[in-house]
Amino acid sequence: MSPQDAFHHVVHDYPGSVAALAPRIGRGEQVLRNKATLDRPDGEPRSAEPTLSDVSRVNRVTRDLRVIEALAAELDAVVVRLPDLSAVGDDALLDLVLTSSKEYGDSCAALREALADGEIDRLEFDRIERETLESVRAQLEVLDRVRSLVVDRPRLRVAAKRTAG
């Protein structure tokens with residue numbers, strides 16, 4: 001799906017559609033409708049294109065990642081929504097780390113098994129991709145949890161004493 005197609009679907013899938021979403025992002029209804037229009041069948045360009053600001057506003061209100069996912073797919077990248085882990089304690093953090101390690105091991109096992117015969121077929125690749133993305137997701141969950149533990153305070157600099165020698 002193209003980013004423009006994704007924008008169209010996100011806007012029109014919003015509860016109440018364009019009429020409900022437009023005022024929430026500070027746009028007129030017809031302006032948003034024009035920006036969310038798909039390519040015209042006669043090949044003529046659309047009358048308006050969504051700006052980066054439009055996409056950002058729509059994403060913040062809808063919490064829908066389809067436009068970002070479409071952009072990422074054009075760059076052979078993926079988007080991962082991070083869960084809210086702010087209430088996760090130390091035991092749960094350890095569990096996240098162990099789960100991340102397990103997922104990485106599953107990813108490595110899928111690759112090892114696929115390479116056993118010297119070729120990787122489509123099904124093997126699909127498994128490698130799935131396991132690898134699960135591993136990345138698990139690692140990002142750990143990173144996000146650790147980020148929530150960061151305390152911003154100035155570091156104390158300790159000057160090393162020089163001894164006369």
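These are my notebook entries on a predicted model of one protein chain.

**Ground rules.** I number residues from 1 along each chain as its sequence is written, and side-chain values use heavy atoms, with hydrogens and water left out. Because the model is predicted, local features need pLDDT of at least 70 and side-chain atom pairs count only at pLDDT 80 or more, while totals for chains, interfaces and linings use all residues.

**Overall layout.** I looked up the secondary structure first. The chain has seven helices and zero strands. Helices here are DSSP runs of H or I with at least four residues, strands are runs of E with at least two, and both are numbered from the N terminus. The order from the N terminus is α-α-α-α-α-α-α.

I then checked burial. Of the 165 residues, 28% count as buried. Buried means under 20% relative accessible area, exposed means over 50%, and partly exposed lies in between (1.4 Å probe, protein chains only). The accessible surface is about 11700 Å², and carbon and sulfur atoms hold 55% of that. These areas come from the Shrake-Rupley method with a 1.4 Å probe; for residues, only the protein chains shown count as cover.

I also looked at contact range. Among contacts with a separation of 6 or more, 61% join residues 24 or more positions apart. A contact means heavy atoms within 4.5 Å.

**Core.** Which residues have the most contacts inside the largest nonpolar core? I find Phe7, Val11, Leu21, Ile25, Leu32, Val58 and Val67, in a core of 15 residues. Helix 1, helix 2, helix 4 and helix 5 each give two or more residues to this core. Helix 1 gives the most, with four. Such a core is a set of buried Ala, Val, Leu, Ile, Met, Phe, Trp, Tyr and Cys residues joined through side-chain atoms within 4.5 Å. In soluble globular proteins, nonpolar side chains tend to be buried together.

Leaving out residues up to four places away in sequence, Ile25 touches Leu32, Arg57, Val58 and Val61.

**Helix 1.** Helix 1 spans 3–13. Its buried residues are Pro3, Gln4, Ala6, Phe7, His8, Val10 and Val11. Their cover includes helix 2, helix 3, helix 4 and helix 5. I stopped at His8, which sits in this helix. His8 counts as buried because its relative accessibility is 17%. Residues up to four places away aside, His8 touches Ala36, Thr37 and Leu38.

**Helix 4.** In residues 52–62 I find Asp54, Val55, Val58, Asn59 and Thr62 buried. Seen down the helix axis, these buried residues fall within an arc of 130 degrees, so they line one face of helix 4. The arc is taken over the directions from the helix axis to the C-beta atoms. Leu52 and Arg60 are exposed on the face turned away from the buried side. Covering the buried residues are, among others, helix 1 (3–13), helix 2 (17–24), helix 3 (29–35) and helix 5 (66–74). Just after helix 4, Arg63 has a positive phi of about 60 degrees.

**Salt bridges.** I count 11 of them, each a side-chain nitrogen of Lys or Arg within 4 Å of a carboxyl oxygen of Asp or Glu.

- Asp13 pairs with Arg66, with the closest N and O atoms 2.9 Å apart. Asp13 is in helix 1 and Arg66 in helix 5, so the pair ties together parts 53 residues apart in sequence. Asp13 is partly exposed at 49%, and Arg66 is partly exposed at 25%. Asp13, Asp64 and Arg66 form a salt-bridge network.
- Glu113 meets Arg127 at 2.5 Å, N to O. This pair links helix 6 to helix 7 across 14 residues. Glu113 is partly exposed at 41%, as is Arg127 at 28%.
- Glu141 pairs with Arg137 at 2.8 Å between the closest N and O atoms. They are four residues apart in helix 7, so about one helical turn separates them. Glu141 is buried at 16%, whereas Arg137 is partly exposed at 31%.

**Surface patch.** Which residues make the nonpolar patch of about 330 Å²? I list Leu111, Leu115, Ile120 and Phe125. Patches take residues with over 30% relative accessible area and no salt bridge; like charges are joined within 9 Å, and nonpolar side chains (Val, Leu, Ile, Met, Phe, Trp, Tyr) within 5 Å. Ile120 lies in the loop between helix 6 (90–115) and helix 7 (122–149). At 42% relative accessibility, Ile120 is partly exposed.
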